Amino acid sequence: MELQTYRYHGHSMSDPGVSYRTREEIQEVRSKSDPISLLKERLLSNNMASVEELKEIDIQIRKEVEEAAQFATSDPEPPLEELCNHIFSNDPPLEVRGTNPWSKLKSIS
């Protein structure tokens with residue numbers, strides 16, 4: 001499977017993304033091949049969803065993202081001894097290159 005993607009923004013804050021492409025190019029790609037917009041158009045044209053339903057979904061998604069961002073910025077930092085917990089979905093590997101996640105960690109700050 002091959003998927004072609006397009007970044008609307010630069011690689012980082014120091015890269016606005018317009019030194020190697022024009023703003024017009026970015027807007028053209030966004031208007032013609034944005035996957036979210038294309039899916040919305042397809043859902044509407046095939047009567048699979050109404051404009052109101054899509055607006056409600058958008059509101060729910062924005063609320064969920066806002067709540068997650070609020071949690072991420074306001075939740076206290078976990079204790080250092082929790083750092084290596086919950087990083088493997090199955091049995092942990094026998095060796096993690098350059099580290100031992102089960103050793104006692106020490107803060108250097």
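What does D58 count as, by its relative accessibility? Please go on from there to the rest of helix 3 (51-74).

Reply: D58 counts as partly exposed, because its relative accessibility is 28%. The classes are simple: buried means under 20% relative accessible area, exposed means over 50%, and partly exposed is in between, with a 1.4 Å probe and protein chains only.

First, the ground rules. This is a predicted model, where local features need pLDDT of at least 70, side-chain atom pairs count only at pLDDT 80 or more, and totals for chains, interfaces and linings use all residues. Residues are numbered from 1 along each chain as its sequence is written, and side-chain values use heavy atoms, leaving out hydrogens and water.

D58 has a partner. It forms a salt bridge with R62, and their closest N and O atoms are 3.0 Å apart. A salt bridge here is a side-chain nitrogen of Lys or Arg within 4 Å of a carboxyl oxygen of Asp or Glu. Both residues lie in helix 3, four residues apart, about one turn of the helix. Helices are DSSP runs of H or I with at least four residues, numbered from the N terminus. R62 counts as exposed, because its relative accessibility is 57%.

The side chains of K63 and E67 meet at 4.0 Å, N to O. Again the two are four residues apart in helix 3, about one turn. K63 is exposed, with a relative accessible area of 54%. E67 is partly exposed, at 48%.

The structure holds three salt bridges. One of them joins E28 and K32, with the closest N and O atoms 3.1 Å apart. That pair lies in helix 1 (residues 23-33).

Now the nonpolar side. I57, I61 and V65 form a surface patch with about 270 Å² of accessible area together. Patch residues have over 30% relative accessible area and no salt bridge; nonpolar side chains (Val, Leu, Ile, Met, Phe, Trp, Tyr) are joined within 5 Å, like charges within 9 Å. Areas come from the Shrake-Rupley method with a 1.4 Å probe, and for residues only the protein chains shown count as cover. V65 lies in helix 3. It counts as exposed, because its relative accessibility is 54%.

Last, the approach to the helix. N47 is found in the loop between helix 2 (35-45) and helix 3. Its phi is near 50 degrees, a positive value in a residue other than glycine. Most residues other than glycine have a negative phi. N47 counts as exposed, at 71% relative accessibility.
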